[in-house]
Amino acid sequence: MSRVAAVAPVVPDYSYTQAEITAELGPLLSATPSHQAVIERMHGASGIQRRHTALPLERYRALGSFRESNNEFIRVATDLLERALTTALADAGLTPSDVDFVFFTSVTGVSAPSVDALLVPRLGLRPDVKRVPSFGLGCVAGAAGLARVHDYLVGHPDEVGVLLSVELCSLTLQRDDQTMGNFVATGLFGDGAAAVVMVGENRSESGPRIVDTRSTFIVDSHDVIGWNVGGTGFEIVLTAGVADVIQNSFPAEVSEFLGRNGLTIANIDTWLAHPGGPRVLEAFESSLGLERSDLQSSWDCLARVGNLSSAAVLHVLADALHADPAPNPGSHALAFALGPGVSAEFVLLEWS
């Protein structure tokens, strides 16, 4: 068993309305009037009100090579995670020297040493802290990270593990990429980060406990979502097939996972769904027989900050931890997300 002791969601300081972002970035994608009309329509239908960006919006016009954008990723990502982890540890009543294990994930920038390593001297983490940096999980990594830290803590019940997620999607901007996937992605993904502090069962009795986890890899779906990495950096692969994968696979996966824990969909009181976009959330609702109100926290997160890739479901989890009134003791929550592969991750929690 492990418990979630604290979650600290953070976003960059630069915040803009969806219309402001569309007006600034749309012309960088295409100067064709018909394309502009499509971009404006897609962005306007996203359900997103505001998004945060790593840089001031006007900086993206002159942002040059992949090297330049990736250097900005390292700088901003390290600053955001320093703030997030400092806050989460304080909320959990812990210090950096208490941390035994770090799982770091991002899919929007690369660094060696990785960002989590850069945080060791900045935050005063112990030199013997165990680190696992991860790249490539994409949007599923928030839920997968919870599961992997849980796996570690099951074998180390006296220790403290942290999950660090940061995604600066705006820095992957691809100029003159006139694919439909790029048009959608430029209006959907936001920038943000989160730190989760988790503890083994011998450390604390507070916070929701992780009961069980499940990983699923859906074969023959590798071309549905992901990156093509080229000379200009990360080129989005994003197709309408994401919703089809959810419709075809999620009912059986969720029912089997809950069933092995003696539960059904009706027993889940709190749904913590990855806010991947309107079509993704609608597919979750349709496939699982849920109402929009069941995923309202995910819809609200999407409207507030957009799809933050791996960090998104962690922002939804943070909202649940701070909900008023709090979930009833003994009630269950299901956190889930999906990403490249296509892969999916499910995390069953029980509230204290």
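Colleague: Which helices and strands each supply at least two residues of the lining of the largest cavity?

Modeller: In this predicted model, they are helix H1 (18-29), strand E3 (50-53), H6, strand E9 (225-230) and strand E10 (233-238).

Colleague: What makes that space a cavity, whereas the other one is called a pocket?

Modeller: A cavity is a set of points where a 1.4 Å probe fits but cannot get out, while a pocket is an open set. By this rule there are two cavities of 30 Å³ or more. The largest cavity holds about 360 Å³ of space, and of its 29 lining residues, Cys169, Thr172, Ala185, Phe189 and Trp227 are the closest to its centre.

Colleague: What is the make-up of the lining of the largest cavity, by class?

Modeller: The classes give 15 nonpolar, 12 polar and two charged residues. Cys counts as nonpolar and Thr as polar, so Cys169 and Thr172, both among the residues closest to the centre, fall into separate classes.

Colleague: And how do you know which residues line the second largest cavity?

Modeller: A lining residue has an atom within 4 Å of a point. For this cavity, with a volume of about 60 Å³, the lining is Phe66, Ser69, Asn70, Thr108, Leu171, Thr172, Gln174, Thr232, Gly233 and Phe234. Helix H3 (66-91) and E10 are the elements that give two or more residues, and H3 gives the most, with three.

Colleague: One more: why are H9 and H10 called oblique to each other?

Modeller: The axes of helix H9 (residues 296-305) and helix H10 (residues 312-321) come within 10 Å and cross at roughly 120°. Roughly perpendicular covers 65 to 115, and roughly antiparallel needs over 145, so H9 and H10 are oblique to each other. Their crossing is right-handed. Ser297, Ser298, Cys301 and Arg304 of H9 make the contact with Ala312, His315, Val316 and Asp319 of H10; by class that is three nonpolar, three polar and two charged residues.

Definitions and conventions:
Residues numbered from 1 in each chain as written. Predicted model: local features only at pLDDT ≥ 70, side-chain atom pairs only at ≥ 80, totals over all residues. Heavy atoms only, no water. Axes fitted to C-alpha atoms, helices over the stretch in contact; angles between N-to-C directions. Helix = DSSP H or I, 4+ residues; strand = E, 2+ residues; numbered from the N terminus. Parallel < 35°, antiparallel > 145°, perpendicular 65-115°, else oblique. Left-handed = near helix turned anticlockwise from the far one by under 90°. Contact = heavy atoms within 4.5 Å. 1 Å grid on protein atoms, 1.4 Å probe; cavity = no way out; pocket = protein on both sides within 12 Å on 5 of 7 lines; lining within 4 Å. Points joined across faces, edges and corners; volume = space filled by probe spheres on them.
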